[in-house]
Amino acid sequence: MADSQATIVEAEVQNPELRHHFADMEQQKNAASLGMWLFLVTEIMFFGGMFCAYLVYRTSHFAALAAGSQTLDIKWGAINTAVLIVSSVTVVLAINAIQHGKPRTTINYLVITVLLGLVFLGIKSIEYTNKFEEHHVPGAGFHFTGTFDDNGKQIPVAENEVQLFFSLYFAMTGMHALHMIIGIGIMTTLAVMTWKGRFSAQYYTPIENAGLYWHLVDIIWIYLFPLLYLISRHT
Amino acid sequence: MANEHNSKTHASSEHTVSVGIYLLIGITLLILTGATTAIAFVNLGPFNAAVALTIATIKALLVILFFMHVKYTHEKMTRAVVVSGFFFLAILLALSMSDYMTRAWR
């Protein structure tokens, strides 16, 4: 390459991560962020379909869905909500650290995030184990003998209709857990990439976009927690 | 490190939020989680669901505005996409429920 050409290229490319079709790093970052948000909108609509199904069946089979919901352990749901909120804080702290050019701190926070994600899945597995032991998993082995506790008044419910609640419960929390597993994979990859020196105060878009994904998964749980665990306690 | 630059040349003009604000929002979210859990055990009748979902929405808004940096972005396009996501979710839920909840004739 001729010397003069090399100089021009060097002047244009201030950062090796800047793709040639973007004017500068900020434009590139904003474009990536916009694309991530478009993806998150599809995620909102994806989970929105399940939230909609939940609302429809809660309206049409209220007593049965409430009876199913009352068997869930609020303790585990609340702990998991707190775990996810703390993990969201560690994600923003990881981004804050790389913005200030501290990749070591970023790695630490990403690792804590991954560990908190694993704690969430561990607690979820305890809950799922309980469901299997209680035969509350939809399918041939499903069995439900409880009643709907309407503020002290015991109302009998149809077993099949309660199965509907647990179908929704496993579909929604299962799909959320799958998103957590993917998120843990992404955060682990980013920790390794940060370790290899791929990110700096000038370029950390992948961490920021992974953070957006992680927060959205957090928000979905913020709604799943009251809908599945809380609002059927008293009606 | 491949990309070790002097941190004075901030390529991005993006507002960096202080750690204090993140911690404050995080603690607020934890308090709201405790509050919504405690309120679930108090009998408020039909208001239990309303209170729980209002608190959930406040928590979601805090996460979106502060953790997801929507409060700090100057990009109108990104804001439009964020709003459109929840707008279409609202259409999905509102129109579906307006159907299912008005089937008394069946």
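1. Of the 235 residues that make up chain A, 43% count as buried, where a residue is called buried if 20 or more other C-beta atoms lie within 10 Å of its own, exposed if 12 or fewer do, and partly exposed in between, with C-beta atoms placed from the backbone. In chain B, which has 106 residues, 21% count as buried.

2. A word on the basis of this note: the model is predicted, and local features need pLDDT of at least 70, side-chain atom pairs count only at pLDDT 80 or more, while totals for chains, interfaces and linings use all residues. Residues are numbered from 1 along each chain as its sequence is written, and chains are lettered from A and ligands numbered from 1 in the order in which they are written.

3. Chain A contains seven helices and two strands, which are DSSP runs numbered from the N terminus (H or I over at least four residues for helices, E over at least two for strands). Along the sequence their order is α-α-α-α-α-β-β-α-α. The radius of gyration of chain A is 23 Å, well over the 18 Å that the globule rule gives for 235 residues, so the chain is more spread out than a compact globule; this radius is taken over C-alpha atoms, and the rule is 2.2 Å times the number of residues to the power 0.38. Taken along the principal axes, the box that the C-alpha atoms of chain A fill is roughly 85 × 30 × 30 Å.

4. Among the contacts in chain A with a separation of 6 or more, 79% are made by residues 24 or more positions apart, two residues being in contact if their C-beta atoms, placed from the backbone, lie within 7 Å. One buried element is helix H3 of chain A (residues 62–70), in which A:Ala64, A:Leu65, A:Ala66, A:Ala67, A:Gly68 and A:Ser69 are buried. The cover over these buried residues of H3(A) includes H2, E1, helix H6 (159–195) and H7 of chain A.

5. The two strands of chain A, E1 (residues 147–150) and E2 (residues 153–156), pair in the antiparallel sense over four bridges, pairing being counted if DSSP finds at least two bridges between two strands. Within this pair, A:Thr147 of chain A stands opposite A:Pro156 in E2(A). The hairpin has two residues between the strands, and A:Asn151 in it takes a positive phi near 50 degrees.

6. Another residue of chain A deserves a look for its backbone: A:His135 has a positive phi of about 60 degrees although it is not a glycine. A:His135 lies in the loop between helix H5 (103–133) and E1 of chain A, and it is partly exposed, with 13 other C-beta atoms within 10 Å.

7. Chain B has three helices and zero strands, in the pattern α-α-α along the sequence. Its helix H2 (residues 47–67) has 21 residues, which at 1.5 Å a residue should span 30 Å, and the end C-alpha atoms are 29 Å apart, which agrees; the expected span is 1.5 Å times one less than the number of residues.

8. Which residues of H2(B) are buried? They are B:Asn48, B:Ala49, B:Ala52, B:Ala56, B:Lys59, B:Leu62, B:Val63, B:Phe66 and B:Phe67. Seen down the axis of H2(B), these buried residues fall within an arc of 160 degrees, so they line one face of the helix, the arc being that of the directions from the helix axis to the C-beta atoms. An α-helix has 3.6 residues a turn, so residues three or four places apart point the same way. The buried residues of H2(B) pack against helix H4 (74–99) and helix H7 (205–230) of chain A, together with helix H1 (19–40) of chain B.

9. The C-alpha atom of B:Ile58 is separated by 29 Å from that of B:Thr102, 44 residues apart along the chain.

10. H2(B) is followed by B:His69, which is found in the loop between H2 and helix H3 (76–100) of chain B. B:His69 is not a glycine, yet has a positive phi of about 65 degrees; it is buried, with 21 other C-beta atoms within 10 Å.

11. Where the chains meet, 50 residues of chain A are in contact with 51 residues of chain B. On the side of chain A that touches chain B, the elements giving two or more residues are helix H2 (25–60), H4 and H7 of chain A, and the largest share, 18 residues, comes from H2(A). The residues of this side divide into 28 nonpolar, 18 polar and four charged, with Ala, Val, Leu, Ile, Met, Phe, Trp, Tyr, Cys and Pro counted as nonpolar, Asp, Glu, Lys and Arg as charged, and the others, Gly among them, as polar.
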